[in-house]
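We will walk through it together, one place after another.

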Amino acid sequence: SLPKNATIIEVGPRDGLQNEGKTVSTEAKLEFIKGLQAAGVQEMELTSFVSPKWVPQMADAKEIMANVEKTGRQFVLTPNEKGINAAIESGAKAVAVFVGVSDSFNQKNINKTTKESMDALQPLILQLKEDGIFVRACISTAFYCPFEGAINPEDTLALCRTFAGWGVDELSVADTIGMATPLESYELFKKLKDAFPDMLMTAHFHDTRKMALANIFAALQAGVDRFDASAGGLGGCPFAPGATGNVATEDVVNMLHRMDISTGIDLDLLCQAVASIEPHVSNPVQTGMYRLYKNR
Ligand code: HMG
Ligand code: MG
């Protein structure tokens, strides 16, 4: 049976904007974040502390952190010790780390093999947990890799098991290039829910092939009740060729509400937040619910 409530982890300000070609002002980002919070978003990736040479759009992470309301669970994404230290200094109480199941993707994304990344992350995560920080582990290329093709689900499970052993609070399992089918979504999330029944388990779907909503429904049936989504469907990973935006928050919220699953998010206010960022990004927002909102 389906859950009565689901949690949206809004990733628009981070995953949504990191790949945006136009420089988005800090002010516009802050207004977007404020609008999302006003819409009832309780968990969000606010920004990322990464190399500004690799991801110029996130160069204002410090200014973002200094000026946001940190109510609810507000994440910053970081790949390494430098980023984690900066995140903690900025007042973050929740940190998201990321690693790819596939070596070739991980090399392109953070210039390390998966094993090198994991070896470096272990002491950092143990320290974060000792310091009482909420740790979310994002698992990229959990289904498919843009360079290696299909991923063996056992490899994804093994990576998750390692993170679970280090005491992370949440696993966010990602279809980085939006290639998974609903059957694959169900099968992997069923395995993950069976293996880690007490872990906060989150599904992160990019909507490259327009299967994200179907994949979310499949994940719901496997027992998942947490979904990463990006308002306006913005975004994509700059180091995954062909990757487009995340599934649109407004379309996920609409689908869940229509199935009597509460999210605590006000759809109208959410669309208002999308309207505030739309003039600052390169492409018009084309998501189902946002178009209805604009044309009514
Ligand atoms: P590198 O060049 O191997 O590292 O990059 P380095 O240690 O030689 O550092 C290079 C420069 O970056 C140095 O500066 C460092 O100080 C600086 P320089 O001395 O040249 O002036 N630096 C940093 N600056 C700010 N914050 C930091 C940081 N670390 C180093 N944390 C590195 C390695 C990891 C830094 C680089 O590869 C990087 O920043 N990668 C980030 C890539 C990224 O942000 N990808 C997108 C996010 S992941 C994603 O979108 C997937 C997800 O959504 C799930 C899914 O969909 O799959 C989560
Ligand atoms: Mg992503």
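Leu267 is in contact with Glu250, Val253, Asn254 and Met289, leaving aside its neighbours within four places in sequence; two residues are in contact if their C-beta atoms, placed from the backbone, lie within 7 Å. You will find Leu267 in helix α11. Helices (H or I, at least four residues) and strands (E, at least two) are DSSP runs, numbered from the N terminus. Leu267 is buried, with 20 other C-beta atoms within 10 Å. Here a residue is buried if 20 or more other C-beta atoms lie within 10 Å of its own, exposed if 12 or fewer, and partly exposed in between, with C-beta atoms placed from the backbone. Along the chain Leu267 and Gly40 are 227 residues apart, yet their C-alpha atoms are separated by 9.3 Å.

A word about what you are looking at: this is a predicted model, in which local features need pLDDT of at least 70 and side-chain atom pairs count only at pLDDT 80 or more, while totals for chains, interfaces and linings use all residues. Residues are numbered from 1 along each chain as its sequence is written, and chains are lettered from A and ligands numbered from 1 in the order in which they are written.

Now widen the view to the two helices around Leu267. Two packed helices are described by the angle between their axes and the distance between the axes. For α10 (residues 249–258) and α11 (residues 267–277), the axes come within 10 Å and cross at roughly 170°. Axes are lines fitted to C-alpha atoms, for helices over the stretch in contact, and angles run from 0 to 180 degrees between N-to-C directions. The helices α10 and α11 are therefore roughly antiparallel to each other, a term for angles over 145 degrees. On the α10 side the contact is made by Thr249, Glu250, Val253 and Asn254, and on the α11 side by Leu267, Leu270, Cys271 and Val274. By class, the residues of this contact of α10 with α11 divide into five nonpolar, two polar and one charged. In this grouping Ala, Val, Leu, Ile, Met, Phe, Trp, Tyr, Cys and Pro count as nonpolar, Asp, Glu, Lys and Arg as charged, and the others, Gly among them, as polar.

What else does α10 pack against? Its buried residues pack against β1 (7–10), α1, α9 (212–221), β10 (226–229), α11 and α12 (288–295). The buried residues of α10 are Thr249, Glu250, Asp251, Val252, Val253 and Leu256. One of these, Val252, is in contact with Ile8, Leu213, Ile216, Phe227, Ala229 and Val247, leaving aside its neighbours within four places in sequence.

Val252 also leads us to the largest nonpolar core, which has 93 residues. A nonpolar core is a set of buried Ala, Val, Leu, Ile, Met, Phe, Trp, Tyr and Cys residues joined through C-beta atoms within 7 Å. Val76, Val95, Val97, Ile139, Ile216, Val252 and Leu270 touch the most other members of this core. In soluble globular proteins, nonpolar side chains tend to be buried together.

Back at the loop between α10 and α11, look for Asp260. Although Asp260 is not a glycine, its phi is positive, about 65°. Is Asp260 buried or exposed? Asp260 is exposed, with 8 other C-beta atoms within 10 Å. Lys210, also not a glycine, has a positive phi of about 60°. Lys210 lies in the loop between β9 (200–205) and α9, and is exposed, with 10 other C-beta atoms within 10 Å.

Next, visit Gln18 in helix α1. With 23 C-beta neighbours inside 10 Å, Gln18 counts as buried. Not counting residues up to four places away in sequence, Gln18 touches Ser48, Val55, Gln57, Met58, Gly235 and Pro238. Gln18 and Met58 are 40 residues apart in sequence and 6.2 Å apart in space, C-alpha to C-alpha.

Our last stop is ligand 1. Of the 27 residues around it, Ser51, Gly83, Asn111, Ser140 and Thr176 come nearest; a residue is near a molecule if its C-beta atom, placed from the backbone, lies within 6 Å of it. The elements α1 (12–18), α4 (81–89), α5 (103–110) and β5 (134–140) each supply at least two residues of this shell, and α4 gives the most, with three residues. By class, the shell around ligand 1 has 12 nonpolar, 12 polar and three charged residues.

Conventions: Angles under 35 degrees count as roughly parallel, over 145 as roughly antiparallel, 65 to 115 as roughly perpendicular and the rest as oblique.
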